[in-house]
Structures are given as structure tokens and as C-alpha cells.
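Open the model in your viewer and keep the sequence beside it. Each stop below says what to select and what is there.

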Amino acid sequence: MSLEFRLLYDLDDDWADFHTFYVIGRKFLGPTMTNVDVAGLIRQLADSGLIELGSLADNEVGWERWDVSLDEAMRRIAEGYRGEVGYDGADANALMGTEVVRANLTRKGELRLAELEARGMTYGSTVGSFETRDRKDGDDE
């Protein structure tokens, strides 16, 4: 639940790319987490309706939701889309700058985040197992 909160918290502020999921996921799941594990996190949140998948708009102004099946969206993320690097066969450096996907929080995701916050979850109270904390509660990354 803490990992879910931290991902939704980050998405509440901005669209999240693959690397964002990777960085946050590693804080909770550890250094052995793979790109396939990251894709699993993305799929789980999308399948539950908490996020929607898309990419930056062609005109580089805004974001556009992909109107495709979840399987097709995950294929794009794995293999690449619009000339962007997918996670299949990509190294960590390539994934840092890829814009192959941008996830957006849905209304259901906003409600879930509010529910978790009402239970007392905050950025500072949801420290991942593999994360070091030297910031005060409420600090953003």
C-alpha cells in the first residue's frame, strides 16, 4: 500500500514516465527490480483504473491518452513508440530520458490517493524498504 501511495502521490503532481516508476519502485522493491517488474507496476495501476497511459502530444504541448487496449499500451512501452526507446533491451541510461510513456492519474486514482491520505499516509511516512530518508516529512523528491 505504501508503494501504491507513493506512485499515486507522484502522479498527482505531474505525468510520470517509465523512469519515475523505476526510481520509486526500486525504493520499495530493491535493486534487483527489473524493467519487467516496473512494467508490472504500471500494468497493475492501469488495470485497476488508477492511471491512464499515453504520451506527450505530437505538438509537445500537453499529453494525449492512448486509446488502445492495455495489452497494446504495454507493447508500446516494451518495444518503443514514436521513435522512443522501450524497456525491452534498453539499459538504465536509455530509460532515464525516454518519453515512451507518460502515465496520468485518473479520477479514480485521485480518490484512492485521497483515501490513503485520509488514513494518515504522507510522503514522509511511506518510506520504502530500500530507501534512505534524510528529508523532513512533506518534502518532495
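The tour goes from a helix to the sheet, and then to some aromatic rings.

This is a predicted model, in which local features need pLDDT of at least 70, side-chain atom pairs count only at pLDDT 80 or more, and totals for chains, interfaces and linings use all residues. Residues are numbered from 1 along each chain as its sequence is written, and side-chain values use heavy atoms, with hydrogens and water left out.

**Helix 1**

Select residues 2-13, which form helix 1. Helices (H or I, at least four residues) and strands (E, at least two) are DSSP runs, numbered from the N terminus. The 12 residues of helix 1 should span 16 Å at 1.5 Å a residue, and its end C-alpha atoms are 17 Å apart, which agrees. The expected span is 1.5 Å times one less than the number of residues.

Which residues of helix 1 are buried? They are Leu3, Glu4, Phe5, Arg6, Leu7, Leu8 and Leu11. Buried means under 20% relative accessible area, exposed over 50%, and partly exposed in between (1.4 Å probe, protein chains only). Strand 1, helix 2, helix 3, strand 2, strand 4 and helix 6 are among the elements that cover these buried residues; contact means heavy atoms within 4.5 Å.

Two strands pair if DSSP finds at least two bridges between them. Strand 1 and strand 4 (residues 102-105) are joined by 2 bridges. Select Asp17 and you will find Arg102 of strand 4 opposite.

Now select Ser55, in strand 2. Ser55 counts as buried because its relative accessible area is 3%. The side chains of Ser55 and Trp66 make a polar contact at 3.2 Å. Such a contact is a pair of N or O atoms within 3.5 Å; within protein, one must be able to donate a hydrogen and the other to accept it, and residues adjacent in sequence count only if both atoms are side-chain atoms.

**Trp66 and helix 4**

Stay on Trp66, which is buried at 5% relative accessibility. Trp66 and Tyr81 form an edge-to-face aromatic pair, 5.2 Å centre to centre with 70 degrees between the planes. Trp66 lies in the loop between strand 3 and helix 4, and Tyr81 in the loop between helix 4 and helix 5 (92-96), so the pair ties together parts that are 15 residues apart in sequence. Rings of Phe, Tyr and Trp (its six-membered ring) pair if their centres lie within 6.5 Å; planes under 30 degrees apart count as stacked, over 60 as edge-to-face and the rest as tilted.

Arg76 lies over the face of Trp66, 5.1 Å from the ring centre. A charge sits over a ring if NZ of Lys or CZ of Arg is within 6 Å of the ring centre and within 35 degrees of the ring normal. Arg76 is also one of the buried residues of helix 4 (residues 70-79).

**The last stop**

The structure holds 5 aromatic pairs. One of them is Tyr9 with Tyr123, a tilted pair at 5.5 Å centre to centre and 40 degrees between the planes. Tyr9 is in helix 1 and Tyr123 in the segment after helix 6, 114 residues apart. Finally, select Arg6, which lies over the face of Tyr123 at 4.0 Å from the ring centre.
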